[in-house]
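This briefing concerns the annotated positions of the chain shown below and the pocket around them. Where do these positions lie, and how accessible are they?

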Amino acid sequence: MTPVADSINGAVEVPRGLKGVVVADTAVGDVRGTEGFYHYRQYSAVELATTRPFEDVWRLMIDKTLPTDLAERGAFCDEVRPLRAIPTATAGVLPAIARASDPLTGLRTALSLVGAERGFRPVYDLDHTARRSDALLTAAVTPTILTSLYRLRNGLDAVAPRDDLDYAANYLWMLTGTEPDPGRARALEHYLVSTVDHGFNASTFTARVIASTGADLSACIVGAIGALSGPLHGGAPSRALDLLDEIGSIDNARPVVVPKVQRGERIMGFGHPVYVTDDPRSIMLGDVARHLGGELADLATGVERTVVDVLAELKPGRHLYANVEYYAAVVMSLCGVPREMFTPTFASSRVIGWTANVLEQAEDSKIIRPSARYVGPPPPQPVSELP
């Protein structure tokens with residue numbers, strides 16, 4: 001749809017879902033869907049995932065530069081490491097939150113409490129230094145909250161973070177309570193770096209809309225988590241693994257997939273609203289999965305080929321390929337992340353991108369306030385009184 005101006009109200013009609021509509025300038029990153037490429041600031045996200053640790057990318061997103069030496073890397077790690085601990089009052093209510101909700105839902109409540117306990121103020125009223133401080137705390141404490149909620153919900157004691165472990169290894173430690181395998185920790189780190197940011201997706205846009213109102217940083221991130229919880233956004237990785245479970249073996253792939261496509265069902269883990277070619281995250285994570293090896297990785301590789309072929313046959317011209325959720329599910333499973341923690345793990349990395357976007361949006365005092373086209377009964381209608 002070509003944008004159409006409304007001469008009376010000054011509004012512009014745009015495509016459903018704002019597809020293709022540019023709503024802001026950003027220096028955080030971008031997605032080039034026709035090229036199968038995305039970047040964080042000026043660097044390829046895939047190259048960052050394969051060459052840099054998570055903490056370096058975190059610093060890039062928040063401070064706009066990569067560490068140039070070990071001293072700079074160490075200084076940033078020293079700054080964020082103490083922020084992993086859950087504030088006292090919030091920690092005291094985590095058992096009750098865990099009993100009442102799943103980890104991702106509970107994270108919304110817990111981060112609201114963290115913001116209140118630490119006295120977060122509206123970003124509108126803060127300078128960049130104060131906003132950055134709130135952003136670092138929010139991102140640092142998120143994985144600790146998520147893993148604590150998971151363990152408490154399953155009748156286990158929460159595991160405190162360790163100062164001697166980097167981000168990915170510490171995440172596995174807090175989740176499982178066992179010494180993390182270095183190979184699996186590095187594989188998980190590939191996934192975490194690859195999902196830090198991805199353009200103006202639904203959750204990032206939600207965070208920026210809230211930030212544009214001047215609300216406090218925890219409010220921005222809680223809203224983003226709500227958007228991420230939807231099955232059409234962050235809820236897909238576990239559903240992709242459900243598909244592999246249903247197929248079971250490569251011989252069953254076509255008999256299972258063809259009827260689904262013919263019935264118009266969505267094949268979870270395939271297709272993306274931006275990419276019209278291979279998803280670069282899926283390519284990288286597929287390599288990570290195959291490096292880890294095992295029956296699940298072999299099954300996923302074979303099923304991917306079959307599904308892509310079936311979709312090309314039955315939906316010609318749609319350009320449907322495996323997206324990040326497909327191999328993300330495989331990698332996380334091989335790293336020992338339980339299925340119910342797939343989307344929460346996604347949130348533990350994406351919070352870095354959300355906070356970077358909130359910091360950027362907070363520099364612009366213009367509130368995001370689009371219009372809608374009214375399609376109800378014509379007003380004004382008379383209001384009748386009750387007899």
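**Annotated positions and the largest pocket**

Glu 325 lies in helix α15, helices being DSSP runs of H or I with at least four residues and strands runs of E with at least two, numbered from the N terminus. The model is predicted, so local features need pLDDT of at least 70 and side-chain atom pairs count only at pLDDT 80 or more, while totals for chains, interfaces and linings use all residues. Residues are numbered from 1 along each chain as its sequence is written, and side-chain values use heavy atoms, with hydrogens and water left out.

**UniProt annotation**

- An unreviewed UniProt entry lists His 272 and Glu 325 under "active site"; positions follow the numbering used here, feature names are shortened, and annotations may be inferred rather than shown by experiment.
- The two are spread over 54 residues of sequence but cluster in space, with a largest C-alpha distance of 10.1 Å.
- Glu 325 is buried at a relative accessible area of 11% (buried is under 20%, exposed over 50%, partly exposed in between, with a 1.4 Å probe and protein chains only).
- His 272 is placed in the loop between α12 (253-262) and α13 (280-292), and is partly exposed at 21%.
- Contacts of His 272 (heavy atoms within 4.5 Å) beyond four places in sequence are His 198, Asp 279, Arg 281 and Asn 323.

- Ser 282 belongs to helix α13 and is buried, with a relative accessible area of 4%.
- Apart from residues up to four places away in sequence, Ser 282 touches Ala 322, Asn 323, Val 324 and Tyr 327.
- Ser 333 is found in helix α15 (residues 324-334) and counts as partly exposed at 30% relative accessibility.
- Beyond its neighbours within four places, Ser 333 is in contact with Leu 241, Leu 296 and Phe 342.

**Largest pocket**

- The largest pocket has a volume of about 1600 Å³, the space filled by probe spheres set on grid points joined across faces, edges and corners.
- A pocket is an open set of points on a 1 Å grid over the protein atoms alone, where a 1.4 Å probe fits, with protein on both sides within 12 Å along at least five of seven lines; lining residues have an atom within 4 Å of a point.
- Of its 48 lining residues, Phe 200, Asn 201, His 272, Pro 273 and Val 274 are the closest to the centre of the largest pocket.
- β3 gives the largest share of this lining, three residues.
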